[in-house]
Amino acid sequence: MRTLVLARNEFIKTRRRVAFLVAFGGFSALMAVGFAGVRYRGAERAGHAFALPGAWSEILGGPGVMSAFFASMVLVLLVASEFTWRTARQNVIDGLSKEEFFAAKLLLLPVVGIVFFGALLLVGGGFALSATHGATEPLVRAADAEFMGGALIGLLGWGALAFLLAITIRSSGPAIGVFFLYFLAEQIIGQLIARIGPTATTATRYLPTAVF
Amino acid sequence: MPVIETSALTKRYGDVLAVDAISFSVEQSQVFGFLGPNGSGKTTTIGMLLGIITPTAGDVRLLGLTGRIGLHQARQRIGATLETPNFYPHLSGRDNLRIVANLKGVDRQRIESTLDLVGLLARGGHKFHGYSLGMKQRLAIAATLLGDPELVILDEPANGLDPEGIREVRDLIVDLGARGKTVFVSSHLLHEVERCCTHVAILSKGRLVRQSSVRDLLAGATALEVRADDPERLRWAALAYPRATGAEIDGDTVVVRLADDDAAAFNQFLAGHGIFVSRLAPRSLSLEEAFIGLTRDETTNERTGVA
């Protein structure tokens, strides 16, 4: 497996991809505006400071889900287009094994995940740090690190589902559509299970997105 | 050892038999034309040669290697395109070649010289989606040549090219042949194939109808130029002759293709039908005429049940 070659080629392709640049720029801008609002509104309200380390739960909560959503959409766009353009086939003709082709795409999963998660931590953490004065605790507590790890695994879980849909459906539009439908279907299934009784309700905690 | 060798290669899609047990071989340094009408199974065959399409039956050997792993190893030593040029539309021609170069372990210097070779050096920095079809074809050829391959497989490389572009592709193929490379090219531009290929295989409805050197094919492919008072009546009489494979009116002459070269028997047949010819002369066929004759024979045999 020529991991370095695969990574180099994915870098050449991704850095010029408008879908990636727009999604990353849009996500970062959205996070910056959102966290700026929380930080400065928080400063005006007594008793609610958007400061570290307490702010991690706010950073990783709703915005964390948003980062998983953006990263998943970007993954679908980056992976499915290879089949639309038939570059997947040409890559194999050019000497890539089929295993290497999928490995190259799989490399995108942690990289895209870490890029979006990193942006979330940097932007959110940056605003929270600017409001942190005289903290008595470490900026990242053990519990915060655990929460971060969990959120990152959750993001990778969503990304894995998006990746699976992209390589199965091989077309970005329908893959994104099925991705949304899946979440909708899971919500409905969860509610139907919950109607059975309190014991069955426990089972809904083990549905894929609930686990993530 | 043949560079390409197939044995009873077959591909079936449901009820459709796309490729019907074809066996052929391509030797080193041959410039091999792979001909056939649209839908005759050329691209499916090339897909199987490259290991992209799994055969229903039969065997492929590429550079002496076979099987999934063998064909993967062989692909690293060849340059090939299948159907339309498939590149990343958002990347420049140069970046696209950089990706291929990384896969083939080729030095970056070679990218510039290859772009220069196909006349794209000045436009190498432009995005692929802005290229004309001709430029896309040239980039595809550049990609196949990047790794200095032992075998070059080109699927309809002249598609979408203007006459100047077609001439350039032809010169490039001739040049590759002159440098001892084995070139396997599928095309429907028969006069181009005639000018640059040393050997051909002709496919019709998934079946291989002929494989030979271009010289042998043309030497064996003769027709008769026949003149008589009534060309139309002559044509109908010629078509009724059991050994005739075709007859067309060309001005005041009827060109008759025969399955054998027995002109005397044909003349006797015409006389028996009250047609007396004023001229009867052999005529060498072009590859195009030979191709039409062979593919028509195949259709006729199919209709009449001749194996």
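Chain B contains 11 helices and 14 strands. The model is predicted. Along the principal axes, the C-alpha atoms of chain B fill a box of roughly 75 × 40 × 35 Å. Chain B has 307 residues, of which 45% count as buried. Contacts in chain B between residues at least 6 apart in sequence were also examined: 67% of these join residues at least 24 apart.

An open sheet in chain B is built from six strands. Their order is S6-S7-S8-S4-S9-S10, and the pairing is mixed. Strand S6 (78–80) and strand S10 (207–213) of chain B are the edge strands, each pairing on one side only. On average, neighbouring strands of this sheet are turned by 15 degrees against each other, direction ignored. Helix H6 (residues 163–178) of chain B packs on the sheet. This helix touches strand S4 (31–35), strand S7 (151–155) and strand S8 (182–187) of chain B. The direction of H6 makes about 150 degrees with that of S8(B).

Strands of a sheet pair through backbone hydrogen bonds, either parallel or antiparallel.

S4(B) is mostly covered, with five of its five residues buried. In a regular strand the side chains alternate between the two faces of the sheet. Both faces of S4(B) are covered. B:Val31, B:Gly33 and B:Leu35 are buried on one side, and B:Phe32 and B:Phe34 are buried on the other.

In soluble globular proteins, nonpolar side chains tend to be buried together. The largest nonpolar core of the model has 75 residues. B:Ala142, B:Ile153 and B:Phe184 have the most contacts inside this core. Helix H5 (residues 133–145) of chain B gives the most to the core, with six residues. Leaving aside residues up to four places away in sequence, B:Phe184 touches B:Ile4, B:Val26, B:Phe32, B:Phe34, B:Leu151 and B:Ile153. Two of these partners, B:Phe32 and B:Phe34, belong to the buried residues of S4(B). Another core, of 45 residues, lies apart from the largest one. Among its members are A:Ile59, A:Leu60, A:Val74 and A:Leu78.

The contact between the two chains involves 20 residues of chain A and 20 residues of chain B. On the side of chain A that touches chain B, helix H1 (3–15) and helix H5 (87–93) of chain A are the elements that give two or more residues. H5(A) gives the most, with six residues. By type, the residues on this side of chain A divide into seven nonpolar, six polar and seven charged.

Most residues other than glycine have a negative phi, and most peptide bonds are trans. A:Pro53 is found in the loop between helix H2 (18–44) and helix H3 (56–60) of chain A.

A:Arg170 has 16 other C-beta atoms within 10 Å, so it is partly exposed. B:Ala21 is placed in strand S2 (residues 16–22) of chain B. B:Ala21 counts as partly exposed because it has 16 C-beta neighbours inside 10 Å.

Note on methods. Residues numbered from 1 in each chain as written. Chains lettered and ligands numbered in written order. Predicted model: local features only at pLDDT ≥ 70, side-chain atom pairs only at ≥ 80, totals over all residues. Pairing = 2+ DSSP bridges. Helix = DSSP H or I, 4+ residues; strand = E, 2+ residues; numbered from the N terminus. Axes fitted to C-alpha atoms, helices over the stretch in contact; angles between N-to-C directions. Contact = placed C-beta atoms within 7 Å. Buried ≥ 20, exposed ≤ 12 C-beta atoms within 10 Å, placed from the backbone. Nonpolar A, V, L, I, M, F, W, Y, C, P; charged D, E, K, R; others polar. Core = buried A, V, L, I, M, F, W, Y, C linked by C-beta atoms within 7 Å.
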